[in-house]
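Here is a short report on one helix and the charged pairs around it. The model is a predicted one.

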Amino acid sequence: MQAAFLEHDGYQCGYCTPGQICSAVAAVEEQRRGALSIVSLHAGKTDRPEMTDDEIRERMSGNICRCGAYPNIVAAVRAVSRGASS
């Protein structure tokens, strides 16, 4: 996950990075276990929800980034969830 954050510039000032990375690791693990989010339920994906951008945003919603690096953070989490980086 750390490498993906570097690759996708998801860290910017670094203030929120430790919490974002911890939450991202947990979000990917939850998805791999098949845990549902409210996005999964609304989409009707109750069996192995895909890690879409909306899914990532919902699972990471408790984290605030003061730089606004959200698109880069989502890209990093998406890459890890798809096995492109780890």
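In α2, the buried residues are T17, Q20, I21, A24, A27, V28 and Q31. They sit on the same side of α2 because they cover an arc of only 125° around the axis. P18, C22 and R33 are exposed on the other side of the helix.

The cover over the buried residues of α2 includes α1 (2–7), α4 (53–59) and α5 (70–81).

## Length and end of α2

Helix α2 spans residues 17–33, 17 residues in all. From first C-alpha to last it reaches 24 Å, close to the 24 Å expected at 1.5 Å a residue. Just after α2 comes G34, with a positive phi of about 90°.

## A salt bridge between helices

Side chains of opposite charge can pair when their charged atoms come close. The whole structure holds 4 salt bridges. One of them joins R59 and E30, at 3.3 Å from N to O. This pair links distant parts of the chain: R59 lies in helix α4 and E30 in helix α2, 29 residues apart.

Are the two partners buried or exposed? R59 counts as buried, at 13% relative accessibility. E30 is partly exposed, with a relative accessible area of 29%.

Salt bridges that share partners join E30, E55 and R59 into one network. E55 and R59 are both buried.

D54 forms a salt bridge with R57, at 3.2 Å between the closest N and O atoms. The two are separated by about one helical turn, because they are 3 residues apart in helix α4. D54 is partly exposed at 48%, and R57 is partly exposed at 45%.

Notes
Residues numbered from 1 in each chain as written. Predicted model: local features only at pLDDT ≥ 70, side-chain atom pairs only at ≥ 80, totals over all residues. Heavy atoms only, no water. Helix = DSSP H or I, 4+ residues; strand = E, 2+ residues; numbered from the N terminus. Expected span 1.5 Å × (residues − 1). Buried < 20%, exposed > 50% of the residue type's maximum accessible area, 1.4 Å probe, protein only. Arc of directions from axis to C-beta. Contact = heavy atoms within 4.5 Å. Salt bridge = Lys/Arg side-chain N within 4 Å of Asp/Glu carboxyl O.
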